[in-house]
Amino acid sequence: MSLTNEKITIMYNKMVTARLLEEMLHEMFSEHMLHGTTHLGIGQEASGIGACMTLRDGDKATLTHRNHVQCIGLGMNVKYLLAEMFGKETGTNSGLGGSMHLMDLKNGNLGANGIVGGGLGLALGAAFKMHYHKEENVVMCFLGDGATNEGLFHEALNLASIKNLPVVFFVENNHYAVSMNTSRSMKVTDIGQRANAYGIRSIILDGNDAIDVYNMTFSAVQYVREGNGPILIESKTYRVAGHSKSDVKQLYRSQEEVDAWVAKDPIKRLEEYILKNNIANSEMLKEINTRVMDEIREAVLFAQNSLDPSADILNKHIYAK
Amino acid sequence: MKEITYKEALREALSEEMIRDENVFLMGHDIGIYGGGFGVTEGLVLQFGEQRVIDTPISEAIIAGLATGAAISGLRPVIEAMFSDFVTLMMDNIVNQAAKFSFMSASQACVPLVLRMPAGCGTGAGAQHSQSLEAWMCHVPGLKVVFPSNPYEAKGLMKAAIRDNNPVIFFEHKLAYSSIGYVPEDEYVIPIGQANIMRKGNHITMVSYGHSVQKCLMAAAHLKEIGISAEIIDLRTLYPLDEATIINSVKKTGRVMIVHEAVKTGGLGGEISAILSEKAFSYLKAPILRIAGKDVPIPFSKTLEEACVPQIQDIENAAKRLMRR
Ligand SMILES: Cc1ncc(C[n+]2csc(CCOP(=O)(O)OP(=O)(O)O)c2C)c(N)n1
Ligand SMILES: [Mg+2]
């Protein structure tokens with residue numbers, strides 16, 4: 001389906017939701033209001049949300065540790081997302097999972113993962129089931145650039161390729177795995193080349209251009225849906241925030257480098273596109289921002305006012321009945 | 001003596017061993033300019049260069065593999081699993097290669113490698129970043145397993161681990177990193193295989209290791225106020241176990257509890273308990289107690305996370321129960 005004005009507005013809304021939510025999370029972590037750690041996707045909103053919006057009912061996705069953007073893209077309600085970050089019983093995972101394990105199966109979200117590359121097997125398995133039952137669905141397997149250096153990535157690509165599994169490997173190349181720049185972690189310049197080694201087609205796109213992400217991912221998803229086997233998309237983008245809450249010094253990169261990418265901010269770029277094409281005026285965009293902010297504030301209150309899970313939940317979920 | 005943190009103690013040991021032996025090198029994710037997942041290797045890349053403090057891509061399996069190969073070839077690798085949970089990705093090389101190489105080759109080569117393993121819960125990192133997997137490692141003949149509880153032990157055991165000609169799995173508790181303790185100015189090494197009596201007592205014996213030792217010490221201080229005198233054995237090495245120190249203490253007290261954060265089923269507490277019933281049964285005045293983690297994955301919620309592993313109050317309560325038997 002082509003990108004209608006309505007869809008573009010929804011995409012903008014979701015991107016703003018992710019951004020404002022994460023800015024709020026960042027603040028709350030700095031004030032020690034939250035336990036544990038978190039990985040922010042600020043700067044990667046076009047990539048995660050553009051990709052998720054190409055999916056339809058019955059499709060699935062496996063997410064990474066840097067998953068809030070992807071979760072919003074797949075339609076997770078911020079109330080339950082925040083409640084999970086607060087470890088409350090009303091959270092998506094009843095407080096058992098936390099930031100790195102947000103899961104929402106009813107929206108096709110097979111879960112974020114604390115293990116780099118941990119979603120690969122889950123994605124292949126879910127795709128195998130679709131293949132087995134001849135369903136016209138796909139699995140989008142989100143990965144970071146760093147995950148493509150895990151052995152399992154290479155096993156997964158080969159197996160998906162020879163079995164013609166409907167997997168879209170969506171690699172968000174944000175140029176870093178914690179402190180390691182991709183120029184130090186691999187000799188290929190494009191991760192797409194790795195797919196070609198396994199007989200898989202690859203697409204490289206500008207991950208900070210929401211329209212491009214949507215359009216190119218949409219045709220890739222279509223190709224996979226039609227039974228052509230897996231595809232790999234390399235979405236080139238940048239992690240503007242630190243790797244995690246603990247990454248304060250960031251000695252591994254320069255401020256100039258960060259600034260250069262901030263100048264390519266995906267939300268600003270989409271705003272410009274919207275205004276230039278008369279999809280909405282600046283008043284309407286401002287309104288969206290205000291409404292989203294209100295929703296997030298409300299969600300924070302909801303999370304804070306929710307109860308901690310009680311200890312009897314511990315034994316309820318370890319084994320299936 | 002000087003006062004330093006657990007983290008600094010580890011760093012000093014690494015640095016001193018690297019100066020002493022040029023075959024010692026470090027390898028892992030983000031151990032260079034980033035300083036390691038928990039800051040242990042901070043500054044070492046500036047001191048020793050990128051030839052010896054080596055950042056790697058996220059490729060745990062081959063890091064463990066390369067370390068094994070380098071070790072049989074005469075180097076002495078110290079590798080870091082950013083979180084001990086990721087040892088699952090290293091297991092083939094550790095269990096099927098490193099642990100068995102000396103044996104299968106009838107000592108044609110040995111495997112002097114150290115695998116550093118930040119372990120345990122309490123940081124809200126969730127089920128895949130909070131486990132205590134030391135019992136798995138003790139179950140594999142060919143591996144040595146250590147778990148220091150304080151800065152003094154961290155430094156002395158790290159030096160012993162690096163000098164040992166066998167693969168040593170070196171557990172470090174995340175909550176211990178910033179703890180402070182006295183460390184001698186002079187060179188010292190703590191031999192692998194020796195437990196330490198952290199506190200003398202004569203009513204009950206608490207056998208523990210790692211961060212749980214600190215909880216036992218606090219509990220023992222409270223118990224003293226109500227007239228219960230606890231002896232605390234800090235195992236320091238989990239394999240090979242210092243059976244004699246445990247047995248001698250139990251001969252004196254007749255009452256013993258084993259305290260660890262790892263889940264109870266299949267944990268070290270069961271092993272120690274079995275050793276005592278084989279070798280010190282007649283000295284026991286009460287059944288052996290295991291105060292251990294619940295058999296559950298570690299939950300994210302802070303209150304639940306705390307409820308899953310023994311806390312000071314649980315240790316005190318258990319000690320009181322033990323005295324009533
Ligand atoms: C198997 C495994 N190894 C290491 C880690 C620690 N870790 C968490 S995120 C991360 C970097 C991941 O890089 P990338 O895949 O590029 O994703 P990004 O963080 O850039 O989104 C590392 C090393 C982990 N969680 N799992
Ligand atoms: Mg990355």
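**The interface and what lies around it**

Chain A puts 39 residues and chain B 33 residues into the contact between them, where contact means heavy atoms within 4.5 Å. This is a predicted model, where local features need pLDDT of at least 70, side-chain atom pairs count only at pLDDT 80 or more, and totals for chains, interfaces and linings use all residues. Residues are numbered from 1 along each chain as its sequence is written, chains are lettered from A and ligands numbered from 1 in the order in which they are written, and side-chain values use heavy atoms, with hydrogens and water left out.

The two chains bury about 2,700 Å² between them, 65% of it on carbon and sulfur atoms; buried area is the accessible area (1.4 Å probe) that two parts lose on being put together, summed over both. On the chain B side, Tyr34(B), Ile58(B) and Phe300(B) lose the most area to chain A, together 26% of what that side buries.

Now the charges. Two salt bridges are counted between chain B and chain A, a salt bridge being a side-chain nitrogen of Lys or Arg within 4 Å of a carboxyl oxygen of Asp or Glu. In one salt bridge, Glu42(B) meets Lys249(A), with 3.4 Å from N to O. Lys249(A) is exposed at 59% relative accessible area, and Glu42(B) is partly exposed at 37%. For these words, buried is under 20% relative accessible area, exposed over 50%, and partly exposed in between (1.4 Å probe, protein chains only).

Over all chains the count is 27 salt bridges. Within chain B, Glu172(B) and Arg116(B) pair with their closest N and O atoms 2.6 Å apart. Glu172(B) is in strand E7 and Arg116(B) in strand E5, so the pair ties together parts that are 56 residues apart in sequence. Strands (E, at least two residues) and helices (H or I, at least four) are DSSP runs, numbered from the N terminus. Are these two partners buried or exposed? Glu172(B) is buried at 0%, and Arg116(B) is buried at 2%.

Last, the cores. A nonpolar core is a set of buried Ala, Val, Leu, Ile, Met, Phe, Trp, Tyr and Cys residues joined through side-chain atoms within 4.5 Å. The largest has 69 residues, of which Met11(A), Leu82(A) and Met140(A) touch the most other members. Helix H1 of chain A, residues 5–30, gives the most to this core, with 12 residues. Apart from it lies another core of 49 residues, including Met117(B) and Leu143(B).
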